[in-house]
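This report describes a structure of two chains for a reader who is new to the subject. Please examine the sequence and the structure shown here before reading on.

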Amino acid sequence: MRSVFVTISMSMAAIESMLEAFGAPKRQHFLGVIRYFSKNLYLLVRSFFPLLAGFALSDEIRSYGEFIAMAVFAFVIIAALVEYWRFRFHVDDKSMTIQKGLIERETINIPFERIQALHMEQAPWQRLIGLTGLKIDTAGTNGSEVDLQALKLSEAKMLRDGIMAARSANVSPIEFAEEPSKSLVHLTPKELLKVGLTQNHLRIGFIAFGAIVALYEPFEAWIDAWLASWPDVVWMVLKWSWFLFIPVGVFAFLLFSFVLSLLGAVFKYYNLQANLNQQEVSLRGGLLKRFEYRIPLSKVQILEWRSNVARRLLGIETLRIFQASAQESNQSGKDLSMAIPGISEMASNGLVAEIFPSWMTSPSKIIFKPSRFLLYRTLFFRILTAAALTFTVDSYLGKILIIATVLPWAFISARKVYESHWMSVTPDTCMIHSGWIRKKRSMFTFHQLQRVVFNQNTIMRRRGVAHITLATAAGNRTFKYLNEAAARQLYDWSLAIIEQSESDWM
Amino acid sequence: MDPFENNKLELEGLPQLGDQDFEMLPKRYFRLRMWTWGAIALLSILFICCVIAWAVMVKEAAISDFPMVLWIVLAAWSIFLGLWGVSEFHGFQMRGYAMRERDLSYRAGFFFHAYTTVPFNRLQHSEVSQGPVARLAKLCTLKLYTAGSSGANLSISGMDPVDAQRIRDYIDEHGGN
């Protein structure tokens, strides 16, 4: 009981200190001007780019270059100052109000209960001047989100904690007894290495390769000139020995991808910490761009784990937590989700126990398996691919070799695909498993569903097979090639749960 | 979090959504769809005939000179028209909606058949729209929106406006949370 009081008084203190600090209309830190300045300059350059190019070409105008540049700079600086001056925000115990606008004055009111998530982000420029950004995701019709970009760290924290406390006080008067938050993931250098090493290096390598090819275009002339300056001997040597460079090239590419993706992981996940307490999951980390995300547990719609072979060997997975995107249809199209790499099974179980409590305690789970149609279908298409491949080579030996390797692979992989696709269901929660080499399982409750879709094509109808799609507010999940009778049962069951449930879906 | 429950999964005895629940859309919607199909088929055939006639008469090309690709495209187009006709003709019986106490379902499609159910207690808002052609035919489209994805999640075109309004009234009265 005592801890309950402590929590309430703590959250009251958080609200009070927030009200004290931000009760009256207030501006952001003055250095926020920098951000307005760079934003406006960027917008200006982007929208008048063709005009600028024209100026640069015209000699007459170029002679006034300094004056024009100064005028533009002055204009941008004044605009930034005015914008900074006009942007004021304050909070009361129910909502946050923002007044802003360069020419037109705009007042935005955000009730705390509409706030979906609060993210703290610190980009390098903010770190340099000791500021931090607070991003407020709301469930608005026009995807309106508010960005406070220049707050002191202490201010941002105070604001965030105050809003969180005020919101939970408004939404549910019952406070949870505060427990020390459990650590889900803490990527120490060793753990970070594990995550970094087991990434999909090739994907990143190909992306980088694509970027290099795209970059080649504008510098084509220079590169060609540089290559032409090489002595002819080099080309002679290359002409006769280029094949020697294939293994070297492949190796270099692999090494390059590997280093790049490892570096990427270090930058992205440096000192990543995911914590779970009774109300929310929080995630923070990052090397250059620091971030801090929080998702309230009651807003979680889907948990999804993905893993590849290497990660499974190390006993880690990547967990993605999907949050309801908006009360209205989500027009911006991005889903609100948070990825936690390197999570262990134990930590996952702890999270599941918190979010879907009945899952762990449910004594019996019903298993739905796909119809054997899936097996035959996969096999059919793999064999078809093998047959198509045999036409690409001319020699009989090649054909036989292809058949000898691809056919067993087709049988084994079809079998594996079929076996790793299944679904386990408790009365209110389900988990869909799929994938064989790259495994994926997603988990959600029936009462959070928004609608149900059943579909099949002519062939599937004849074979008595159907797909069933369960749609939550954070996206759809489909279980494919289920027996039609089972699909109908699941369909009716989900509807019955949705229509009976009294509890909130978000 | 909701109060903890742990009921057995009782799959028997649930209210089942079956074929008998579905109502067909008005016959004039069927005629409208068939007319649309007929018009497109007729116009495209007419167009192709004109082109061939022009090539033969004016350009004096022999039929055998036409490239193979042209015949393949023509064959593909006629197969497509045929399949489309079949799906329109036979698909209409499979098109319909089912109004139950707590949800609205819609099914459609012949080659790719799907049915969707939106429970009223998950509904965000509904919308009735009517284009110029639909207005002439006294038909309308009922759209239901739920959370979580862009666009309408259930869109029933070819509904009688009176029925659509009745459904909306029912939702306003009984639906919602």
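## Chain B in outline

In chain B, 46% of the contacts between residues at least 6 apart in sequence join residues at least 24 apart; two residues are in contact if their C-beta atoms, placed from the backbone, lie within 7 Å. The model is a predicted one, in which local features need pLDDT of at least 70 and side-chain atom pairs count only at pLDDT 80 or more, while totals for chains, interfaces and linings use all residues. Residues are numbered from 1 along each chain as its sequence is written, and chains are lettered from A and ligands numbered from 1 in the order in which they are written.

Chain B contains four helices and seven strands, where helices (H or I, at least four residues) and strands (E, at least two) are DSSP runs, numbered from the N terminus. Along the sequence, the pattern of chain B is β-α-α-β-β-β-β-α-β-β-α. Of the 177 residues in chain B, 23% are buried. A residue is buried if 20 or more other C-beta atoms lie within 10 Å of its own, exposed if 12 or fewer, and partly exposed in between, with C-beta atoms placed from the backbone.

## Chain A in outline

Chain A has 19 helices and 20 strands. Its C-alpha atoms fill a box of roughly 80 × 80 × 45 Å along the principal axes. Among the 506 residues of chain A, 31% are buried. Of the contacts in chain A with a separation of 6 or more, 62% involve residues 24 or more positions apart.

## Two helix pairs in chain A

Two packed helices are described by the angle between their axes and the distance between the axes. Axes are lines fitted to C-alpha atoms, for helices over the stretch in contact, and angles run from 0 to 180 degrees between N-to-C directions. Helix H2 (residues 32-47) and helix H5 (residues 65-86) of chain A pack at about 130 degrees with their axes 8 Å apart. H2(A) is therefore oblique to H5(A); angles under 35 degrees count as roughly parallel, over 145 as roughly antiparallel, 65 to 115 as roughly perpendicular and the rest as oblique. The residues in this contact include Tyr36(A) and Phe37(A) of H2(A) and Val76(A) and Tyr84(A) of H5(A).

Helix H8 (residues 189-197) of chain A and H12(A) cross at roughly 130 degrees, and their axes come within 9 Å. This angle makes H8(A) oblique to H12(A). Here Leu192(A), Val195(A), Gly196(A) and Leu197(A) of H8(A) meet Leu262(A), Ala265(A), Val266(A) and Tyr269(A) of H12(A).

## A helix that packs against both chains

The buried residues of helix H19 (residues 484-500) of chain A include Leu490(A), Trp493(A) and Ile498(A). The buried residues of H19(A) pack against strands S14, S18, S19 and S20 of chain A, together with strands S3 and S4 of chain B.

## Two residues with positive phi

Asn271(A) has a phi near 50 degrees, a positive value in a residue other than glycine. Asn271(A) lies in the loop between helix H12 (245-269) and strand S8 (273-276) of chain A. Because 15 C-beta neighbours are inside 10 Å, Asn271(A) counts as partly exposed.

Lys138(B) is not a glycine, yet has a positive phi of about 55 degrees. Lys138(B) is in the loop between helix H3 (132-136) and strand S6 (140-146) of chain B. With 13 other C-beta atoms within 10 Å, Lys138(B) is partly exposed.

Terms used:
The expected span of a helix is 1.5 Å times one less than its number of residues.
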